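Open the model in your viewer and keep the selection tool at hand.

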Amino acid sequence: MSKKKKKHAGTLNTVTTCISTTMVLLLLGVVVFFVSVAYNFSRSVRENFAVEVLLDDSIRSNELADLKAYLAAQPYTRTVTYISKEEGTRMLLEDLDGRPEDFLGGSPIPAEYEVMLKAPYACPDSLALFMPALTQKPYVRDVIYPIDLLAGFDQVLRTGSLVLLSIAALLALISFVLINNAVRMGVYARRFSIQTMKLVGARRGFIRRPFMMQAFWTGLLSAVLAGLLLMGGIMTLADMNGNSEFEVITPGVITLTLGVVLAAGLLLTMLCTYFSVNRHLHMRHSDAYLK
């Protein structure tokens with residue numbers, strides 16, 4: 001085979017490997033992105049669950065301040081908002097499209113503290129642990145929290161997380177197999193060059209170096225191409241999610257997605273190249289013509 005044909009074949013193999021690696025990294029990035037978005041969505045939903053602490057009408061101002069300080073100091077509290085009797089009545093009237101005179105003899109709506117929960121504590125087990133102490137306060141009439149809704153959300157979240165993690169693990173395995181096959185084909189096409197360098201006494205590190213450098217640049221280029229494609233899709237989704245109350249596409253999600261794609265591109269291509277070249281380095285000269 002002439003040098004020109006060999007160079008053309010090598011370039012074509014490199015391009016093929018780069019395209020294959022880019023597609024695999026793109027799929028891997030999509031899974032990482034959606035796993036991250038699902039985590040952020042779960043956190044945002046949990047942080048929108050509120051505990052309503054209904055207060056006695058006879059509560060004094062100093063007791064009101066003490067209760068607020070107590071709630072603010074609890075590990076499950078993200079924010080504490082006081083809603084007066086009048087404000088609660090007005091909000092209810094707006095929801096029911098009613099009029100103030102509908103409440104004859106005074107409003108039945110008590111003043112309350114609305115406690116927004118931190119995401120790790122917005123689960124049935126944590127509420128069951130912390131809420132009894134709150135209900136025993138003498139000036140607390142009742143504590144209302146969506147225990148059934150949280151339990152159902154936890155069940156859906158566990159199922160969804162299991163499915164996403166299974167897909168991620170399966171895709172990681174497929175990614176390694178596909179990239180490994182593409183790299184092995186590239187190294188296999190140059191197996192005679194490896195054997196020739198061995199015959200003239202070249203060290204293994206010297207033989208391996210150009211393959212590793214090519215793997216580095218192939219992995220980097222593939223990761224950049226996959227990252228650009230992912231950024232285009234992410235920006236489109238971010239525009240669609242712009243008016244949502246749940247902030248799920250954050251800079252952290254984008255950084256994690258692109259970081260995983262870059263790390264996977266470099267690590268997988270270089271590892272696969274290392275093992276593929278080593279396989280031929282340990283192969284006998286005669287076996288190179290049989291495999």
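This is a predicted model, where local features need pLDDT of at least 70 and side-chain atom pairs count only at pLDDT 80 or more, while totals for chains, interfaces and linings use all residues. Residues are numbered from 1 along each chain as its sequence is written, and side-chain values use heavy atoms, with hydrogens and water left out.

**Stop one: the strands.** Select L54. In strand β3 (residues 112-117), E112 stands opposite L54. Now show strand β1 (residues 50-55): five of its six residues are buried (under 20% relative accessible area, 1.4 Å probe, protein chains only). Strands here are DSSP runs of E, at least two residues, and helices are runs of H or I, at least four, numbered from the N terminus. β1 pairs with β3 in the antiparallel sense over five bridges; pairing takes at least two DSSP bridges. Pick E52: its bridge partner in β4 is I144.

**Stop two: the helix pair.** Select helix α7 (residues 204-240) and helix α8 (residues 251-281). Their axes lie 8 Å apart, at an angle of about 155°. The angle therefore makes α7 roughly antiparallel to α8 (over 145 degrees). Colour the contact by residue class: 21 nonpolar, seven polar and two charged.

**Stop three: F41.** Go to helix α1 (residues 3-47) and pick F41. Is F41 buried or partly exposed? F41 is partly exposed, at 39% relative accessible area (the range between under 20% and over 50%). Finish on E247: its C-alpha atom is 7.4 Å from that of F41, though 206 residues separate them along the chain.

How values were computed
Axes fitted to C-alpha atoms, helices over the stretch in contact; angles between N-to-C directions. Parallel < 35°, antiparallel > 145°, perpendicular 65-115°, else oblique. Nonpolar A, V, L, I, M, F, W, Y, C, P; charged D, E, K, R; others polar.
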